[in-house]
Structure formats: C-alpha cells, structure tokens
Amino acid sequence: MHWTANGGVVTEAGIVERVAETRRVEPSMAVERPPFPTKLKIEVTGRCDLRCSFCTLTYKPRSAKGDIEPALAFRVIREARDLGVRDLGLFWLGEPLLNARLTEYVAYAKAIGTPYVFITTNGRLASTTRLRDLYDAGIDSIKFSVNAVDAQEYRRVTAVDAFDRVISNVRGAWELRGARAQPKLYASTVVLDEPDGERRFEAAHRLIGAYVDQHYALRQYGIQAAAKHRAAVLLAMLPCWSLFTEPHISYTGWMSACFYDHDPKYYLGDLTVSTLIAAWHSERAAALRRAHLAKDVAGTPCADCLAYAHA
Ligand code: SF4
C-alpha cells in the first residue's frame, strides 16, 4: 500500500522499491561469506526522544544509549565507500537528529563519493534550520516515520506529545525543498494489528501524502506481534535478508546480525578493533548464515526472532 505525492505512478526507484531490493537475497549473496553488500546502516546515536510501544529501543535501559565516536563514524564511512557501498543509512534504532554531528557525517560521505546517503527520522527535531543544513550537505533522502493520525493516538503510541509539531515539520521539509530535485522526501506509517489499519493509513495519508514523494504502510512488527505466529513466520523468512544484504553497525561499533536489535547476542564483530569486511566474514557471521541457509536456526540467537509477525 503506497502512493506518490500526486497520486500518480512511481517513475523511479523510490523508498518502497529500495526496501524491497534490500530484502531480496540474490543467489550470489546466499553463501556463508558473501561479498560485502552495497548497502549499510550506521547508527549515529542509540538515543531516541520517543518511546514507541512497538520499538525494541523502548525496552532498553536509558544508560545503554549514547552517540557514536566521531573517529569511528568517519572511519567506517570511509571503509564503506572503499568497499563499494552505494546506499548508506546514517541511522538505525536511535533518532539520528539527536546527534549534533549528523550533518558532518552526511557531508563527509557525499564528499568522498557515496552515491546515496539517507536517514529515517521521527521528525520531531526536523526544524527548518536543521533540514537546510542536511539539504546543503547533500543528503539524498529523508524518511519520516509518522505512526499516528491524531495527537491523542500519537501520545498513546510514542509516549510524547508532538503530533502537531511532526506534521508541521513534514510539511516544512516539503516547502523548504521547493523546486530542488533533492532530497527525496518519504513517509511511512506503521499499520498496527487492528481491523481498521487501512483506514488509519488513509487518514495519515490525507495529512502528509501531499508533502512527500512516497508514503507507504509498514506492517506491524516487534515485541507485541512476536508471540502470535513466530514459528511459521520465522521458517518462511529464512534465510533472513538481514544477514546477507545490509549490515547494521551500532553506535558502539558492533556489527549486528539483526536489523531489528543490537543486543550483544547478535554481534558479529567489533569495529573498534576490526574492519568492516573482517566482521562481515567473521566465523560467527559465517556460522549463523550456515544455519539460515540450512533453514534451521535452533540453538542460534535467531531462534528467538522478535522481528516479524508477518513474513
Ligand atoms: S533475529 Fe530474526 S530478524 Fe534478526 S537476523 Fe535473526 S531471523 Fe533476522
């Protein structure tokens, strides 16, 4: 379920197509030690200013959240470029606009030739000043996660009172872009597991659909959904794309097997002491991929997968 801003046909690869591409494991990548992917996410901060009920970060202790060391961030961005990474996301579980150095990281990645640099944000801190800096630094796309259709629901889902501000910031981002071709602006809305999910999505679309290039629905995922259909869903999603197509680097410098969590049990390698490619090809990574390719993750961290209720 997605629409373009003017209700028309998507004529180039937008965020929906990019996400679908990321989640497709091509045969050449379905091996224990695949080449380094063309996509990478680096978490510039593990902090967040919301506490969404469906997010794994909400359930982590506050003391376990901080920002990435700048020297590590610059080094990993450089290594990624040298390895041929084309799509670089400067965010993961935390809210990237909380990191005051985000614009520097974007500017550096673009200056060394990274083709596509992007973030996802909850939009609460997306002021005109902040956005102008990111646009000028050359960011290629910004996606807003807008997971409520009114102020009351926003407060219930995120535990923060910021709905009007977020909607205003999404619209402001569109106005600020004006006639520029870049960055692309996108929005997603989590469709919670309730009968009127489509109605909710359409309500959100009426608010922000005209102010982004694509607005799409995200199915419910996460802790609330995990208990329901876990065994069947987990089998259907093996081998999980997360291990084959897009590494995720935590703000602490660990490469995680799992896109959904940076719990230490998913760690594949420590980038404070090793390179990206060494972590990607570590024995731990190879062993976990072996289990995924055999479609038997019993005894691995993935046996307790929390990510999806729906394949
Ligand atoms: S825990 Fe689930 S989502 Fe995470 S890597 Fe394993 S199978 Fe994939």
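1. β3 (residues 87-89) and β4 (116-121) pair in the parallel sense, with three bridges between them. Strands here are DSSP runs of E with at least two residues, helices are runs of H or I with at least four, and both are numbered from the N terminus. Two strands count as paired if DSSP finds at least two bridges between them. Gly89 has Phe118 of β4 as its bridge partner. From β3 the chain passes through α3 to reach β4, and this β-α-β crossover is right-handed. That term applies if, with the strands pointing away from the viewer, the path from the first strand over the helix to the second runs clockwise.

2. This is a predicted model, in which local features need pLDDT of at least 70 and side-chain atom pairs count only at pLDDT 80 or more, while totals for chains, interfaces and linings use all residues. Residues are numbered from 1 along each chain as its sequence is written.

3. On its other pairing, β4 runs parallel to β5 (residues 141-145), joined by four bridges. Thr121 stands opposite Phe144 in β5. β4, α4 and β5 form a right-handed β-α-β unit. Five of the six residues of β4 are buried, so the strand is largely enclosed by the rest of the structure. A residue is buried if 20 or more other C-beta atoms lie within 10 Å of its own, exposed if 12 or fewer, and partly exposed in between, with C-beta atoms placed from the backbone.

4. Helix α3 covers residues 102-111, and its buried residues are Leu102, Thr103, Tyr105, Val106 and Ala109. Viewed down the axis of α3, these fall within an arc of 160 degrees, so they line one face of the helix. The arc is that of the directions from the helix axis to the C-beta atoms. Their cover includes α2 (70-82), β3, β4 and α4 (128-137). Gly113 follows α3 and has a positive phi, near 95 degrees.

5. Helix α2 has 13 residues and reaches 18 Å from its first C-alpha to its last, close to the 18 Å expected at 1.5 Å a residue. The expected span is 1.5 Å times one less than the number of residues. Ala73, Val76, Ile77 and Ala80 are the buried residues of α2. Seen down the axis of α2, they lie within an arc of 100 degrees, so they line one face of the helix. Among the elements covering them are β2, β3, α3, β8 (248-249) and α9 (276-280). Just after α2, Gly84 takes a positive phi of about 90 degrees.

6. The protein chain as a whole has 10 helices and 10 strands. Buried residues make up 41% of its 311 residues. Of the contacts with a separation of 6 or more, 75% are between residues 24 or more positions apart. Contact requires C-beta atoms, placed from the backbone, to lie within 7 Å.

7. The largest nonpolar core has 74 residues, and those with the most contacts inside it are Val44, Leu90, Val170 and Ile208. Such a core is a set of buried Ala, Val, Leu, Ile, Met, Phe, Trp, Tyr and Cys residues joined through C-beta atoms within 7 Å. Leaving out residues up to four places away in sequence, Val170 touches Gly123, Phe144, Val146, Ala187, Ile208, Tyr211 and Val212.

8. Val31 lies in the loop between α1 (15-22) and β2 (39-42). Val31 is partly exposed, with 13 other C-beta atoms within 10 Å. The C-alpha atoms of Val31 and Leu293 are 7.6 Å apart, although 262 residues separate the two along the chain.

Methods: Two residues are in contact if their C-beta atoms, placed from the backbone, lie within 7 Å.
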